[in-house]
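Here are my notes on the model you sent. Please read them with the structure open.

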Amino acid sequence: MACIIGEGTILAAILKHQRRLNPSYGQISALHLLACSGRLDGLRVYLNAATAEEIHHKDSKGWTVLHYLADAAGTVPMLHLLLSRGANPLIKSLEATQQFAKGSTAAQIAVARNNLDLAIALDSK
C-alpha cells in the first residue's frame, strides 16, 4: 500500500526497519507501483535503497519501471531520476497487452497516453 501511495515519509519509515518491499502482483515490483504513484519524493526515497536488479526488473509481460511510468502519466523529473539510476528506455515489452503491442517501448506508451513531454524526454535518451 505504501508503494501505491508513494508517500516519501511513510516509505522512509518502513525502509528504516525493512530493507525491501516485495509485493507480488504478477511480478509487479514495488518500484513499478511507485512509478504509478506520481510521487517523486517516494521514488527518491525508495531508489536510495534499491538495487540494480530492482531497477531493471521486468514484469511477466516484460514491462520495466519506465513502461509503468509512461502508462501512469509519470513526470519528466521522475524519469530523469530513474535514468540517473540506470533505467533503460530502449527496452521493449515481451508480450502484447490489451492496449499495447508486443515490442512497445516506454516512449510509445507515453505517446499513446498523450504524455508528450515524457515521450520526448524518453525518445531523446
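1. Salt bridges. The count comes to three, where a salt bridge is a side-chain nitrogen of Lys or Arg within 4 Å of a carboxyl oxygen of Asp or Glu. The model is predicted: local features need pLDDT of at least 70, side-chain atom pairs count only at pLDDT 80 or more, and totals for chains, interfaces and linings use all residues. Residues are numbered from 1 along each chain as its sequence is written, and side-chain values use heavy atoms, with hydrogens and water left out.

2. R113 and D71. These two form a salt bridge, with the closest N and O atoms 2.7 Å apart. R113 sits in the loop between helix 8 and helix 9 and D71 in helix 6, so the pair ties together parts that are 42 residues apart in sequence. Helices here are DSSP runs (H or I, at least four residues; strands are E, at least two), numbered from the N terminus. R113 is partly exposed at 33% relative accessibility. D71 is partly exposed too, at 28%. The cut-offs are under 20% relative accessible area for buried, over 50% for exposed, and partly exposed in between (1.4 Å probe, protein chains only).

3. K61 and E95. The closest N and O atoms of this salt bridge are 3.7 Å apart. The pair links distant parts of the chain, 34 residues apart: K61 is in the loop between helix 5 (52–55) and helix 6, and E95 is in the loop between helix 7 and helix 8. K61 has a relative accessible area of 30%. For E95 the value is 38%.

4. R39 and D41. Their side chains meet in a salt bridge at 2.8 Å, N to O. R39 is partly exposed at 27%, and D41 at 30%.

5. Helix 3 and its end. Seven of the eight residues of helix 3 are buried. Among them is S37, with a relative accessible area of 18%. What does the S37 side chain have close to its polar atoms? The backbone oxygen of L34 lies 2.7 Å from one, and the backbone nitrogen of R39 lies 3.1 Å from one. Just after the helix, G38 takes a positive phi of about 75°.

6. The core. The largest nonpolar core has 30 residues. Such a core is a set of buried Ala, Val, Leu, Ile, Met, Phe, Trp, Tyr and Cys residues joined through side-chain atoms within 4.5 Å. Helix 3, helix 4 (40–47), helix 6, helix 7, helix 8 and helix 9 each give two or more residues to it. L79 is one of the residues with the most contacts inside the core. Leaving aside neighbours within four places in sequence, L79 is in contact (heavy atoms within 4.5 Å) with L66, L69, L118, A121 and L122.

7. Most residues other than glycine have a negative phi. A73 has a positive phi of about 60°. A73 lies in the loop between helix 6 (65–71) and helix 7 (76–84), and is exposed at 54%. N114 also has a positive phi, near 60°. The place of N114 is the loop between helix 8 and helix 9 (116–123), and its relative accessible area is 60%.

Key:
A polar contact is a pair of N or O atoms within 3.5 Å; within protein, one must be able to donate a hydrogen and the other to accept it, and residues adjacent in sequence count only if both atoms are side-chain atoms.
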